[in-house]
Amino acid sequence: MANPVRILVVGCGHMGTSHAKAYHDLSGFEIVGVVSRGEKSRRALLDAIGAEYPQFSEFEEALAATSPDAVSINTYPDTHASYAKKCFESGCHVFLEKPIAETVAEAEEVVAAAQKAGRKLVIGYILRVHPTWAKFVETARTLGKPLVMRMNLNQQSSGDMWATHKQLMRSMSPIVDCGVHYVDMMCLMTQSRPVRVSAIGARLSEEMQPGMYNYGQLQVTFSDGSVGWYEAGWGPMMSDVAFFIKDVVGPQGCVSITGVQEGEVASDDIEGHSKAGRLRLHHSELADDGSFAKADDIIECADEPDHDGLCLLEQEVFLDAIVNDRDLSDHMADAVNSLRIVIAADQSFRTGETVDLPNL
């Protein structure tokens, strides 16, 4: 059997812990260290996986001391690009939590660094490995064109979660940080080029740094006539009603994720954000008497993986890419593309103008 991939885990929060569990459980990986400035967060991660690994408070020190084959970066977005580039300079493969960077230019630099080093870069688009979301995308493609895609994820946060949200907003707004997931899904559904973006937003708290806003909604138009909107807001003032909408409409009907908001998941439950509940497929065909020709189909998703299970699937993809030398060109290009859309949305909010997207 080939030697395991020696991996350094950077960032010991919720995502870092879930990914560390996967590395601990997969025989193809060997954890060589965990990195976080806070001793408490390092201890919590190690307790969660029930194992002891070398601990480091500084990224550069850990990278030099452990000489890993790969690095898992699960820090705040403002460190993503710089950490990833340093890893590639050291000859490491990189798993990088989304978003890939704070700007499109930085994201392109990260991809170029991976290509120059001949190393693998997998970005943490967890919905791409989600069986129910794969079915959601597949079903949306049967509805005809154009598509109308309606999605949101609002989070009524307090305490530690509100503190985390405020820290995240030192780098980017909710429609940028979370939006990359959902515009990525829109792109997969339409398989069409995004052509323009507009956005609205509001600053609902003075606890954030100047110029930041904690509520936003973007609207994106595709070359095939499809349109989509995504809404995200964070904070103690956000509504816990209609916080989770995932709905796609086409000429042939519509498909929706249901069940999540029926008392099963709270809006600030990170574990629940990737839950799907069930799919409801509605058919638009009418009978001769004008009534609907077919009843709605309910697709149950009770056996879907939990959050840790989805992170394990992500790390299986990462391991496969390393071991079998998979071509990740499309994956990296898609990550840059989704970031380009949400960055354009942020620009639209700040300027009050619709932003045309380049034809790449």
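Helices (H or I, at least four residues) and strands (E, at least two) are DSSP runs, numbered from the N terminus. This is a predicted model: local features need pLDDT of at least 70, side-chain atom pairs count only at pLDDT 80 or more, and totals for chains, interfaces and linings use all residues. Residues are numbered from 1 along each chain as its sequence is written, and side-chain values use heavy atoms, without hydrogens and water.

A pocket is an open set of points on a 1 Å grid over the protein atoms alone, where a 1.4 Å probe fits, with protein on both sides within 12 Å along at least five of seven lines; lining residues have an atom within 4 Å of a point. Volume is the space filled by probe spheres set on the points, which are joined across faces, edges and corners.

| Pocket | Volume | Lining by class |
|---|---|---|
| Largest pocket | About 1300 Å³ | 18 nonpolar, 21 polar, seven charged residues |
| Second largest pocket | About 160 Å³ | seven nonpolar, one polar, two charged residues |

Ala, Val, Leu, Ile, Met, Phe, Trp, Tyr, Cys and Pro count as nonpolar; Asp, Glu, Lys and Arg as charged; the others, Gly among them, as polar.

The largest pocket is lined by 46 residues. His 14, Met 15, Asn 74, Tyr 76 and Thr 164 lie nearest its centre. Helices H1 (14-25), H4 (80-89), H7 (159-168) and H9 (179-190) each give two or more residues to this lining. H7 gives the most, with seven residues.

Residues lining the second largest pocket include Phe 95, Arg 128, Glu 314 and His 331. Strand E6 (121-124) and helix H10 (307-323) each supply at least two residues of that lining.
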